[in-house]
Structures are given as C-alpha cells and as structure tokens.
Amino acid sequence: MKNHWIIISSALFLLTFPAHSQDVLDTLKASKIVADPAIRIPESQTGHQRLIRNDFSRFTVFSAPDIMKTLQAMPGVSMGSDLSSGLYVRGGDGADNLLTLDGVPVYNMSHLFGLFSVIDPGIAERVDFYRSGFSASRGGATSSIIDVYARDGNPDSLRTELSIGIADSRFLIEGPVKKTRFILTGRVSPISLIVNPVLKLLSADGIDPSFFTDARMGYFEVDARVSRPLSAYTDIYMNALFNRDYRKTGEIRADIENTDNIIWGNALAAIGVRHRGSDGSKTDASLYFTGTYSSVHSTFSSRQDSSYYYRKEGNASPLAEFGLRSDSYLQKRPDLYIRYGGKISYLQNQPHRIYHLLETVKNSKTHKTRTIREENINTPLIYRCGNLSSYIDAGWTPSPLVTLQGGMRYSFFLSDGKGWHSLEPRLSMSYSPLQGFTLKTSYDRMGQPLHAISSSFNLSPATTMLPSTRKIRPVISDQISFGGEYRKKGVLLLSTELYYKRMTHLYEYGGEIMMFPPLDTWESCFVEGIGRSYGIENQISVKKGQIRFDAAYTLSWSERKFEDFYCSWYPDRFDNRHTIHLNLARERNGYDWHISWTYHSGNRTTLNSFYSIKIWKDSPQVSAVNYALAPNQFLFPAYHRLDAGINFHYKTARGISRTASFDFFNIYNRCNPISVRIINKSYRNRLSYRSLLPFIPSFRVGFEF
C-alpha cells in the first residue's frame, strides 16, 4: 500500500506540472486590482463573488476591515449570532465551509469567538467566494469555498502600516530586498481591558457577579509571504501563518479557583512554485503543512486548613495535515481552456479527553499529607488519514452568446481502515441574449469527510473536528442553481438566483448535553439525517461617482429531517426566512464614510412546550417532565442593527499618511437576543432573553509611511 501511495503521488505531481520554457513572472494582472469588485466574474459560474482589497473596508469591526464580515453581507449567507464571523451558507451548519490560502486549507476561521476573521486582510490580494458553480479544483466542503490569494510585497520601496484600536492593534511591513519581495503582518488584541466590565454586566441578571472576578481574552497572529523570481518565467514563494486565541473566565480567590479555559489557533507553512508560459498556460504547485489546535477545559481547586481538592477536565483536539497540491491551466484556443490538477495529503487527528482528580488531607498531629482520591485519565484517539484527489475542468465558448463549463473531481479518503470514494461532477452554462444580460445555471456535487463534534447547537472555534470512519460517512450535497444578471460595467449590477440543495449523511449529537462530549464513543452519540435548503437571492449594486450603494435580499428555507429526533421535516436553527443587507458608502478626498443596516428573521431553538406530572406509586414525590412539540419550534425575535463609520485621511509634509477612524456599532441600541430560557416566577412561566452587545462606539488611529 505504501508503494502505491508513492507511485500515485509522483504521477500526480508530474501530471500537473507541464514543461514550458517560456513564462511570465506575475500571474496577477494589474487590471484585476482596479476592477469593480461588485461585478461578478463574466464566467458561467453561478453564486460566485470576487472581492479585492478595497472591499474589506466597507464592512468593518471596531474600525478594522474584515474579510468574513464582508462575506456575511453577501446574499445567501446567514451570520449566526451577534458579531460572529460564522458563515451559514445556503442551509449549512457553519462547519461545512472551506477556507484556503493560496490553495492550502486553514481549518479555524475566526478570532475572539468570531469577532475577527483569521486571515489579515492586509495580506490578501483578492478573495473568491463560491456558494455554487464550484470549480472542480476545490472540494472537501459542502456549503462554500473561500479562496484567499496572498499578494506579493511592494516591488518599489519599503512601506509600513501601523494602527491601534480598542479591540486590536496591527502592523504591516512590505517591500523589496534585492529581487525578493516580502510582506509581513501581525495583530495583537488588548481586548481584555474591556472584557471584565462587559462580562460583569452580562452576569448581573441572576448570576453572582463574583464568578467573573477573573476574565482574560485575546489573540495574536503573524502572517508572512516571501516571493522571489527564479527566472523571467518562474518564481518561488513561501507562505506562513501562525495565530493563537485564548479565553479564561472564572472565580479566583485566596482559597478557591474555578475557571473555564479555551485555547485555539492555526499554523501554516507552504513553499510553492508558480510558472506561466508564453501561450497563457499556468501552474501553481506547493508543498505544505497546515494544522489547528483547540482545547477547552475547566479547573476547580479548593484549599482549606487541612484539605486540598483539585479537578481538571476537558477535551483537546490537534489536527495536522501534510500535503502536495498542484493546479494547472491551459488555453490552446481562445474559445477553450482546460484546468487540471490534484492533491495528495496525510492527515492526523488526535483528539483526547483529559481528567485529573486529586484530593488530599493533612494530619493535624503528624503534619503528613495523605491522598484520599486520585484519578488520571488521558484517553487519546489517533486517526491517521490519507486523502487523494484529482480533477479536470474545461470551459468552452462555442459562440459569443454561450459559455459551457464542466468538470469532474474524484476524491479518495482513507480513515479507520475504510476508504471512501467520491465522484463529484460539476456542470454550468451561461447564455447572453442581450448585451450586459446573462442567464446562468449550474449543478454541483460536493463531499466533506470531516465532521464537527459538539454537544451544543452553537459551534465554537474549539469544536472538535473528527474524520469519517467506518460508521460515519462523508457528507454529500447536490445543488442546482439558476439565475440571471444585468451588468453595466462599473455602474450597475442587478442579479437574482434561485437554488435548491439537498444534503445527505448529516450528523447531529443525540446524546446527553454536556460541556465535554465523550470522544471515545462519539460515533454512537451521533444520529444520521438529511437536509434541504432552497430560496432566491437578489443583489443590487449601484455606483455613481463617489457614491456606492449595495443591497442584498435573500428569501430562503432550510430544513432538517432526523427521524431519531422527529418524524418529519423541521426548520434548521438558522432558518432565517428573510435576510437583508444595505450599505451606502462615499469616498472623497480627505475622508470616506459608510453606513449599513442588517436584518434577518430570528434564529430558532428548541424550547419545552408543555410538561406532565408524574406521581410515583411507592413515593410521595411528584416530578414534572418537560416536552417539546418539535425541534427548533421556537423563533427568536428578528435581528436588526444599524452601523456607521467615518475615516479621516491626512498626509504630512514628510509623506506620512495618518488615518483616524470612528465606528458606531448598533447605533439605535437594538437588544438582539442570543439565548432564551423559561423561568418560573409566582407559578407562572415567562421567557427570559439574554442579549450580548449594546451600542458600541470605537476609535482607531493608523499611520502609513
């Protein structure tokens, strides 16, 4: 078997790296940098949006641009809870999106529980976001693909950016060193300075505020890219990313400590070669390592005069992947192109449960310490997985009015001694009967071998990811899309798209709700079901002079069917019937401003609808048993908020650019609930909502020189 893998990997690399002697150094044309980002790529893909660097500043978080917040304003995307950077795309569960940096997966997508996205927008040249119309070159996720392409450093001179805000501080350094170009970015968060007051405010309703006597939260991140030409036709590049988040909350006193700790982060390193021939052919191949780590645990210790008690329990989940990938593009004729390539990788996942217990007592006479109880449990699971995929994709323009695109992706995932094969066809077509007007349709099949393991309905960055096994199948989605758009270049975009998506082999937790779900028996705790999502997405973009207006409206349905839970279809927790995003922006010499309004129908959860009284025959005890009519039958109030921001720019006589940014989050102070519970007061039940973020002003100052 080992020899077969070596032969396959060697053949894959040779197949996807064509031998061309002529090449062009830069594969990114300058025209792409200044193109209007609101206009979709004029190809046959549906559900495709291309964003460039200027787009990210239109949707900011605490005065800082952010990639995921920009994507959340796209049609067909639900944001989840307040300020989360989760992407729930066309009925997805948030764990079925693939984020890549130059083709290499990045498994954890957020900082500060979703406040910021994990890739600094300063290093991004462009972002391709796919909700449908997927290229055969991408797979492994059933809802969306987010391809981030890093930019090379400034070729002319050294440039530095610094900015300081209330939630994070950032730096960027880029420039040339002889023939080498580099870019280095970093971020660090001082948000712990404001976390304590916020947590104590949130805990004031029915919870002892002293529980939050200790609260620390923050993150740091470093991104880097180095590129150097090997010849006039080929260059080599290296990417690196490392980040770490932490959160600790709890009660710390002289004799007691009760804390919850969460740590998560990413590490990525890749070295690659880009080659472009004089005939327009391109190849991008890289050898890479990518990994993520998450750990959630609680600690309790109590020290008395003669006794000591210590307990620590939690789950940890390291995931690492080594791989080789290659993508090639050929265009022998103006009306025909071919893309092909593949990937081979080794993935190791080692989730483990930790439990430590120690209880001692000291003899008052002899002063000797005696252990009463001691338990040490560390049960790691080791999954060693192989992943092989190859694809071919072709586009043909038989006439100026018609474009056809089709491809096939094959993937083989080996885990737990079981191999899962998947054939994923991709077909799309566009027809342009009038100038500027295009009709599009597509069919996509996607497979996903990794699953999020959580006992709660809301995924966190520390959620354990486990692979498909003999008992757990990869998730499969089939999607059909049809749409039309009218474009007037640089001025107007009108688009609408209908879609229907069906998902099979979905898994949800069916065991006991607990903070640390069992890992050694996780397969038996999850039940299998199906899902479907359908709707219509509409988008308008208008640009006139310095003013730009963007609007997106989505009408959608997202449903699940798990017969172990319920006998019929029921709504998904993020079944937001109506979603609206409005954004108005203006750029002028010396300043720019933006204002945006977000609305979506309420999320859903399961609440007990009625209860019954049980009277035991041989006991005077009376107990009440609660029941729910159906899963996710309770609808939260609608979510909406208004945000605004303004940036002032000034350049000194020495050439230093200064920027002062003011942002206002949730201007009219809408209390958007994130949780609900039933409480009983005076023998009457009532609903108690918990909201997270009120009106928040923020300030950021930046320098560029």
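**A first look around**

A: Happy to! One loop to begin with: Asp416 sits between strand E24 (402-415) and strand E25 (418-434). Please keep in mind that this is a predicted model.

Q: Okay, what's the phi of Asp416 like?

A: Phi is positive there, about 55 degrees, although Asp416 is not a glycine.

Q: And how exposed does Asp416 count as?

A: Asp416 counts as partly exposed, because its relative accessibility is 38%.

Q: Is Lys178 buried or exposed, and why?

A: Lys178 counts as exposed because its relative accessibility is 81%.

Q: Let me zoom out. How many helices and strands does the chain have?

A: There are 5 helices and 44 strands in the chain.

Q: And how much of the chain counts as buried?

A: The chain has 705 residues, and 51% of them count as buried.

Q: What about contacts between residues 24 or more positions apart?

A: Those make up 65% of the chain's contacts with a separation of 6 or more.

Q: Now the inside. How many residues does the largest nonpolar core have?

A: That core has 29 residues. The ones with the most contacts inside it are Leu71, Leu87, Leu99, Leu101, Ile119, Ile146 and Val148. Among the elements that each supply at least two residues of this core are helix H3 (67-72), strand E6 (97-101), strand E11 (144-150) and strand E17 (256-276).

Q: Why would nonpolar side chains sit together like that?

A: In soluble globular proteins, nonpolar side chains tend to be buried together.

Q: Can we pick one? What does Leu99 touch?

A: Leaving out residues up to four places away in sequence, Leu99 touches Met68, Val104, Pro105, Val106, Met109, Val118, Ile119, Ile146 and Val148. There is also a second, separate core of 15 residues, which includes Leu347, Tyr383, Ile472 and Tyr507.

Q: Which residues are closest to the centre of the largest cavity?

A: Among its 23 lining residues, Thr60, Lys69, Ser596, Arg641 and Asp643 are the closest to the centre. Several elements give two or more residues to this lining, including strand E2 (60-61), H3, strand E35 (591-600) and strand E40 (639-651). E35 gives the most, with 4 residues.

Q: How many of those lining residues are nonpolar, polar or charged?

A: The lining of the largest cavity has 11 nonpolar, 7 polar and 5 charged residues.

Q: Back to loops for a last one. Where is Ser306?

A: Ser306 is in the loop between strand E18 (282-303) and strand E19 (307-333). Ser306 counts as partly exposed, because its relative accessibility is 38%.

Q: What does Ser306 touch?

A: Not counting residues up to four places away in sequence, Ser306 touches Thr360, Val361 and Lys362. Also, the C-alpha atoms of Ser306 and Ser364 are separated by 7.3 Å, with the two residues 58 apart along the chain.

Definitions and conventions: Residues are numbered from 1 along each chain as its sequence is written. This is a predicted model: local features need pLDDT of at least 70, side-chain atom pairs count only at pLDDT 80 or more; totals for chains, interfaces and linings use all residues. Side-chain values use heavy atoms; hydrogens and water are left out. Buried means under 20% relative accessible area, exposed over 50%, partly exposed in between (1.4 Å probe, protein chains only). Contact means heavy atoms within 4.5 Å. A nonpolar core is a set of buried Ala, Val, Leu, Ile, Met, Phe, Trp, Tyr and Cys residues joined through side-chain atoms within 4.5 Å. On a 1 Å grid over the protein atoms alone, a cavity is a set of points where a 1.4 Å probe fits but cannot get out, and a pocket is an open set with protein on both sides within 12 Å along at least five of seven lines; lining residues have an atom within 4 Å of a point. Ala, Val, Leu, Ile, Met, Phe, Trp, Tyr, Cys and Pro count as nonpolar, Asp, Glu, Lys and Arg as charged, and the others, Gly among them, as polar.
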